[in-house]
Structure formats: structure tokens, C-alpha cells
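This briefing looks at the charged side-chain pairs of one protein model and at the nonpolar core that accompanies them. Please keep the sequence and the structure at hand while reading.

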Amino acid sequence: MWERDKRSSVTMTKYSTVSHKPSFSAALGGGDSRFVFRKRLFRKPKEIPEDPVEYHLMYAQAVHSVVKLDEFPVNETVALQLAGLQAQVLYGDYDPNMGSRYDEVEQFLPERLIVNNRTQTREDLKKGIAEAHKVSRGHKKYGRG
């Protein structure tokens with residue numbers, strides 16, 4: 001009994017959840033936490049991985065690192081090229097009737113280029129993304145089409 005009371009893994013904690021229903025997110029302490037798995041070692045960086053899961057994870061990591069975290073600061077021209085490829089992956093070939101796809105500029109470009117842009121408006125950036133998407137047309141390997 002004495003040993004059991006000294007061990008912290010045996011003692012009960014005062015843990016309460018928001019929901020009365022047991023759930024995976026409640027077990028982890030709520031929905032605010034998330035696990036981030038990142039690849040840091042690239043053995044052959046010039047080769048495209050054959051494994052579709054690895055390919056998808058590397059793509060998601062690249063987009064997140066460039067667009068959300070701005071870990072790799074790129075200029076506006078490169079950012080628009082990457083945004084065009086991202087639109088190709090998400091939507092397939094360019095469709096001129098679907099201009100509203102580019103309304104959320106933050107999903108395609110780093111915040112630094114949107115906020116600090118003195119030469120282009122949001123509309124100009126949307127047009128730039130659409131134009132870059134148009135140039136990416138036909139890249140079947142990247143898109144849905």
C-alpha cells in the first residue's frame with residue numbers, strides 16, 4: 001500500500017472533460033492539441049518518392065512550411081508559381097468559371113506577401129494565382145485531372 005501511494009502513475013488525478021461522452025480528443029485534453037510529424041532527413045532530395053503517403057506528407061509539409069510558417073521566405077514571383085501548383089493539386093486543371101476558388105489568398109500565399117504588399121491589391125493577387133494556375137494546366141502528375 002505504501003509503495004502504491006508513492007508512485008505518481010497509480011494516483012488518480014482531478015481531470016475533467018468538457019463533454020460527458022468519451023472521445024479521443026477529450027482523452028488527449030481537448031481539441032486544441034495536435035501531433036505534427038515532420039520529415040527532417042531527405043536521403044535523396046532530387047528523387048520524387050514512389051510511396052503515395054510519403055509523397056502526400058512531403059507536399060503537405062512543403063505547403064505548410066512556405067505558406068503558413070514562412071520558414072522558406074520566397075519572393076512574390078516564386079510564391080505565385082507555388083500557389084499555381086497548389087491550385088493545380090487541389091482543383092485539377094484551370095477553369096475560368098471558377099474564379100472564386102482563389103478568394104482565400106491566405107491559403108495560397110504567405111501572410112508576409114499579403115500584408116506587406118504595397119504594389120498589388122488582394123484582387124491582383126487573386127488574378128496572379130489564377131494566372132499561375134492556368135500556366136500549371138496539364139500537369140497530370142500534380143493535379144486531379
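The notes below take up the salt bridges and then the nonpolar core.

The model is a predicted one, and it holds five salt bridges. Among the residues that take part, Asp103, Glu123 and Lys126 are linked in a network of salt bridges.

- Aspartate 103 pairs with lysine 126 in a salt bridge whose closest N and O atoms are 3.4 Å apart.
- Because aspartate 103 lies in the loop between helix 4 (76–91) and helix 5 (111–115), while lysine 126 belongs to helix 6 (residues 122–135), this pair ties together parts that are 23 residues apart in sequence.
- Lysine 126 also forms a salt bridge with glutamate 123, and here the closest N and O atoms are 2.9 Å apart.
- Glutamate 123 and lysine 126 are three residues apart in helix 6, so about one helical turn separates them.

- Glutamate 131 and lysine 134 meet through their side chains in a salt bridge, with an N to O distance of 3.6 Å.
- This pair too lies within helix 6, where glutamate 131 and lysine 134 are three residues apart and therefore separated by about one helical turn.
- Both partners are partly exposed, glutamate 131 having a relative accessibility of 42% and lysine 134 a relative accessible area of 36%.

**The largest nonpolar core**

- The largest nonpolar core has 16 residues, and of these Tyr102, Val105, Phe108, Leu109 and Ile129 touch the most other members.
- Helix 4, helix 5 and helix 6 are the elements that give two or more residues to this core, and the largest share, four residues, comes from helix 4.

**Where the core and the network meet**

- Valine 105, which is among the core residues that touch the most other members, has contacts with Ile114, Arg122, Leu125, Lys126 and Ile129 when residues up to four places away in sequence are not counted.

Key: Residues are numbered from 1 along each chain as its sequence is written. This is a predicted model: local features need pLDDT of at least 70, side-chain atom pairs count only at pLDDT 80 or more; totals for chains, interfaces and linings use all residues. Side-chain values use heavy atoms; hydrogens and water are left out. A salt bridge is a side-chain nitrogen of Lys or Arg within 4 Å of a carboxyl oxygen of Asp or Glu. Buried means under 20% relative accessible area, exposed over 50%, partly exposed in between (1.4 Å probe, protein chains only). A nonpolar core is a set of buried Ala, Val, Leu, Ile, Met, Phe, Trp, Tyr and Cys residues joined through side-chain atoms within 4.5 Å. Contact means heavy atoms within 4.5 Å.
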